[in-house]
Amino acid sequence: MAGRFGAIGCLVVIAAVVMGAAADTHTVGDGLGWAVPPGGPIAYSVWADKQTFEVGDTLVFNWTGTHDVARVSTKAEFDNCTANSVIGTILTTSPANVTLDTNVTHYFICTIESHCYLGQKVEITFGNSASPLAAGAFSVVLFALAVSLMSHM
């Protein structure tokens, strides 16, 4: 009997870890896409505030017309719409996919003409709470302990 509980516990642990590790895909701006927003930069700020970003997630920048996506390295570059220190390459083909590879703030701007000044920029921040994977792993450990205790009763 204890062997069956142990095997079931291991399967539950493996399933929880695999499910917790799934990355999400975020379409930047949702229906607006990657464009000069009609209301200025607030559109992308509101969009980003409604998202939960984790390392491994993918941002998808969709656009029509002439745009690009540049990840700039500093808040000052983001605020001033300058691309002096681009991280990686400037993406010029839509859809442009970017994987969030670190849990630091990411700054993205469009470098075409005055698009950034008109609001075509987005700041991606990560929450201060534990990641779902870490929280899920902790829950799995607690569950495994409970199963182990029940199997010895």
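Among contacts in the chain (heavy atoms within 4.5 Å) between residues at least 6 apart in sequence, 70% join residues at least 24 apart. The model is a predicted one, in which local features need pLDDT of at least 70 and side-chain atom pairs count only at pLDDT 80 or more, whereas totals for chains, interfaces and linings use all residues. Residues are numbered from 1 along each chain as its sequence is written, and side-chain values use heavy atoms, with hydrogens and water left out.

The chain has 4 helices and 7 strands, assigned as DSSP runs (helices H or I, at least four residues; strands E, at least two) and numbered from the N terminus. From the N terminus on, the order of these elements is α-β-α-β-β-α-β-β-β-β-α. Of the 153 residues, 30% count as buried, a term that denotes under 20% relative accessible area, with exposed being over 50% and partly exposed in between (1.4 Å probe, protein chains only). The accessible surface of the chain, computed by the Shrake-Rupley method with a 1.4 Å probe, comes to about 8900 Å², and 62% of this surface belongs to carbon and sulfur atoms.

The interior was examined in terms of nonpolar cores, that is, sets of buried Ala, Val, Leu, Ile, Met, Phe, Trp, Tyr and Cys residues joined through side-chain atoms within 4.5 Å. The largest such core holds 18 residues, of which Trp34, Leu59, Phe61 and Val122 touch the most other members. At least two residues of this core are supplied by each of helix H2 (42-49), strand S2 (58-61), strand S5 (96-99) and strand S7 (121-124). Helix H2 gives the most, with 3 residues. For Val122, leaving aside neighbours within four places in sequence, the residues in contact are Val28, Trp34, Tyr44, Trp47, Ala48, Phe61, Phe78, His106, Tyr107 and Phe108.

Aromatic residues were then considered as ring pairs. Rings of Phe, Tyr and Trp (its six-membered ring) pair if their centres lie within 6.5 Å; planes under 30 degrees apart count as stacked, over 60 as edge-to-face and the rest as tilted. The structure holds 5 aromatic pairs. In one of them, the ring centres of Trp34 and Phe61 are 5.0 Å apart and the planes stand at 80 degrees, so the pair is edge-to-face. Because Trp34 lies in the loop between strand S1 (25-27) and H2 and Phe61 lies in strand S2, this pair ties together parts that are 27 residues apart in sequence. Both Trp34 and Phe61 are buried. The rings of Phe61 and Phe108, with centres 5.3 Å apart and planes at 55 degrees, form a tilted pair. The relative accessible area of Phe61 is 0%, and Phe108 counts as buried at 1%. Ring pairs link Trp34, Tyr44, Phe61 and Phe108 into a cluster.

Strand S3 (residues 69-72) and strand S6 (residues 106-109) run antiparallel and are joined by 3 bridges; in S6, Phe108 is the bridge partner of Arg71. S3 also pairs with strand S4 (residues 86-91) in the antiparallel sense over 3 bridges, and Val72 stands opposite Val86 in S4. In a regular strand the side chains alternate between the two faces of the sheet. Both faces of S3 are covered, with Val69 and Arg71 buried on one side and Ala70 and Val72 buried on the other.

A disulfide is assigned to a pair of cysteine sulfur atoms within 2.5 Å, and by this rule the count comes to 1. The bond joins Cys81 and Cys116, with the sulfur atoms 2.1 Å apart, and is left-handed, with -75 degrees about the S-S bond. Cys81 is in the loop between helix H3 (75-80) and S4 and Cys116 in the loop between S6 and S7, so the link ties together parts that are 35 residues apart in sequence. Cys81 is buried at a relative accessible area of 13%, and Cys116 is buried at 2%. Cys110 is also buried, at 1%, but its sulfur lies 7.9 Å from the closest cysteine sulfur, that of Cys116, which is too far for a bond.

Key. Two strands pair if DSSP finds at least two bridges between them.
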